[in-house]
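Work through the exercises below with the structure open beside you, and try each task before you read its solution.

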Amino acid sequence: MGDVALIIRVMPESPDVDRETIKTTIKEKIPSLQEIREEPIAFGLVALQIAVVVPDSEGQTDAVEAALREIPGVERAEIVQSTLV
């Protein structure tokens, strides 16, 4: 087995949510984090796109998504791209 690289879009609850706090929490909760980028959506709403590498085993991607959804201020987290590394 190898690893899986994921691109995950993290949507904040509103434009007023402190993205820096969310970024800090993501860095603490996701040790396999590779990168965080901001992606403007509309009307001041900015999503975070994160790159993560996880082992290619059952449940790993779901665990990352679940951890991201638990962060205060995060409305949803969804995998937008995945590939084997």
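**Exercise 1.** Decide whether arginine 37 is buried, partly exposed or exposed, and find the residue with which its side chain forms a salt bridge.

*Solution.* In this predicted model, arginine 37 has a relative accessibility of 53%, and because exposed means over 50%, this residue counts as exposed. Next, look for a carboxyl oxygen within 4 Å of its side-chain nitrogen atoms: the side chain of glutamate 35 meets that of arginine 37 in a salt bridge, with 2.8 Å from N to O. Glutamate 35 itself, at 36% relative accessibility, counts as partly exposed.

**Exercise 2.** Which elements does the salt bridge between glutamate 38 and lysine 23 link?

*Solution.* Begin with the distance, for the closest N and O atoms of glutamate 38 and lysine 23 are 2.9 Å apart. Then locate the partners: glutamate 38 lies in strand E2 (residues 33–42) and lysine 23 in helix H1 (residues 19–29), so that the pair, 15 residues apart, links distant parts of the chain.

**Exercise 3.** How far apart along helix H2 are arginine 69 and glutamate 65?

*Solution.* Both residues belong to helix H2 (residues 60–69), and because they are 4 residues apart, about one helical turn separates them. Arginine 69 is partly exposed at 43%, while glutamate 65 is buried at 13%. Elsewhere, salt bridges that share partners join Arg19, Glu20, Lys23 and Glu38 into one network.

Technical notes: Residues numbered from 1 in each chain as written. Predicted model: local features only at pLDDT ≥ 70, side-chain atom pairs only at ≥ 80, totals over all residues. Heavy atoms only, no water. Helix = DSSP H or I, 4+ residues; strand = E, 2+ residues; numbered from the N terminus. Buried < 20%, exposed > 50% of the residue type's maximum accessible area, 1.4 Å probe, protein only.
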